[in-house]
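Here are my notes on this one, as promised. Have a look at the model first, then read on.

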Amino acid sequence: MGSGDDGATTQLMKIAKVDLRGLQSNTMAWAEARAAVTASMAAHGYVVVVHDALDAELRRALFGRALPELYALPFDTKKSSGAFSNGPHRGYDGQVPSEVLESVAILNPVEPGNVRDFTGRLWPQGNPGFCDTIVSFAKNVLELAQTVERMTLEGLGVHEESIAWQLFSQSHTARMMLYGTPPDKETSNISLGAHPDDQMTTVIAQHEVGGLEVQVDGGRWLAVPPEPGTLIVIGGDQLTLVTNGRVPACIHRVRAPSGRERFSVLLSRRRKGDPIMRAMDELVDEDHPLMYNPCSHEEYRAFRLSEEGRKLREHNPLKAFCGVEKDGSKE
Ligand SMILES: O=C(O)CCC(=O)C(=O)O
Ligand SMILES: [Fe+2]
């Protein structure tokens, strides 16, 4: 990893989008959208969708009010709430210059009570506007994540009962991020280093500053524009494991904002609790032999945060941890 452009140029090629607005299941339009979603997920581990989960009003409420209010809280309030973290933290293994990134997570934010408890720790008098914004975001985006997971699994030929079980057995977390301006523009034009997520899927909503990039074809970087009305859904290592490698975990990174703060809000899905995760039966056969041994997600997370896991972060840490064929012969 070098300085300057980080050794890889970002291409300005237009990223393909799939329109998921107003689709009814079991229609031709659904089947066409499903084919496009599955193709993008199977090729690159992400899909950019046109969707009304985050309409103009909710977008304004989120990026124009909720996040600025949250991050404007006094340092001591943030610190004592126990909710804020900065620098490398649970779920992070990118290179994060500590003063550049702050992040706050809320577990299962479709439950208004969870969001109220969270706001109560920061604003003793409550903050109903903040709660409404986060709950609406979580509900709409959760539905989108489930639609993309369903389409991808259907497109890969998974049976309905397995899909229903898979969708039901996920929990979700919302994460609100603030990227400050990096202290040294010369050496840090990347504010979050390249990594795959360890979860099932993550939907990312970017504020107007943008900066998210995804890797395609094992090397080229594509910028994901922060275009209102679009959202990106990214597959993580859990999805790779359960699909027996049919969906690669998308490698992505965040380019440092150009002299401005950047906000993003993420909704990640992962298996509830810490069950042993394994490939879905329908996706293992003679033509597709088992690629990953069953493993515990918590143990895998611990590996990702270990020294060895951090070193591997762009180089298939899942394979190193539980691959049936370990690296050794070749990369
Ligand atoms: O802020 C973003 O756009 C992406 C953040 C990210 O990749 C992560 O938190 O894992
Ligand atoms: Fe990520």
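How do the residues of the shell around ligand 1 divide into nonpolar, polar and charged?

1. The shell splits into six nonpolar, three polar and one charged residue. Here Ala, Val, Leu, Ile, Met, Phe, Trp, Tyr, Cys and Pro count as nonpolar, Asp, Glu, Lys and Arg as charged, and the others, Gly among them, as polar.

2. Bear in mind that this is a predicted model: local features need pLDDT of at least 70 and side-chain atom pairs count only at pLDDT 80 or more, while totals for chains, interfaces and linings use all residues. Residues are numbered from 1 along each chain as its sequence is written, and chains are lettered from A and ligands numbered from 1 in the order in which they are written.

3. Around ligand 1 you'll find Met177, Leu192, Asp197, Ile204, Gln206, Leu212, His252, Val254, Ser264 and Leu266 (near means a C-beta atom, placed from the backbone, within 6 Å of the molecule). Strand S8 (201–206), S12 and strand S13 (262–271) each give two or more residues to that shell.

4. Now Arg255, which sits in strand S12 (residues 252–255); strands are DSSP runs of E, at least two residues, numbered from the N terminus. Arg255 counts as buried because 21 other C-beta atoms lie within 10 Å, and the cut-off for buried is 20 or more, with C-beta atoms placed from the backbone.

5. Leaving aside residues up to four places away in sequence, Arg255 touches Asn189, Ile190, Gly211 and Glu213 (contact: C-beta atoms, placed from the backbone, within 7 Å). Its C-alpha atom is 13 Å from that of Gln215, 40 residues apart along the chain.

Definitions and conventions. Helices (H or I, at least four residues) and strands (E, at least two) are DSSP runs, numbered from the N terminus. A residue is buried if 20 or more other C-beta atoms lie within 10 Å of its own, exposed if 12 or fewer, and partly exposed in between; C-beta atoms are placed from the backbone. Two residues are in contact if their C-beta atoms, placed from the backbone, lie within 7 Å.
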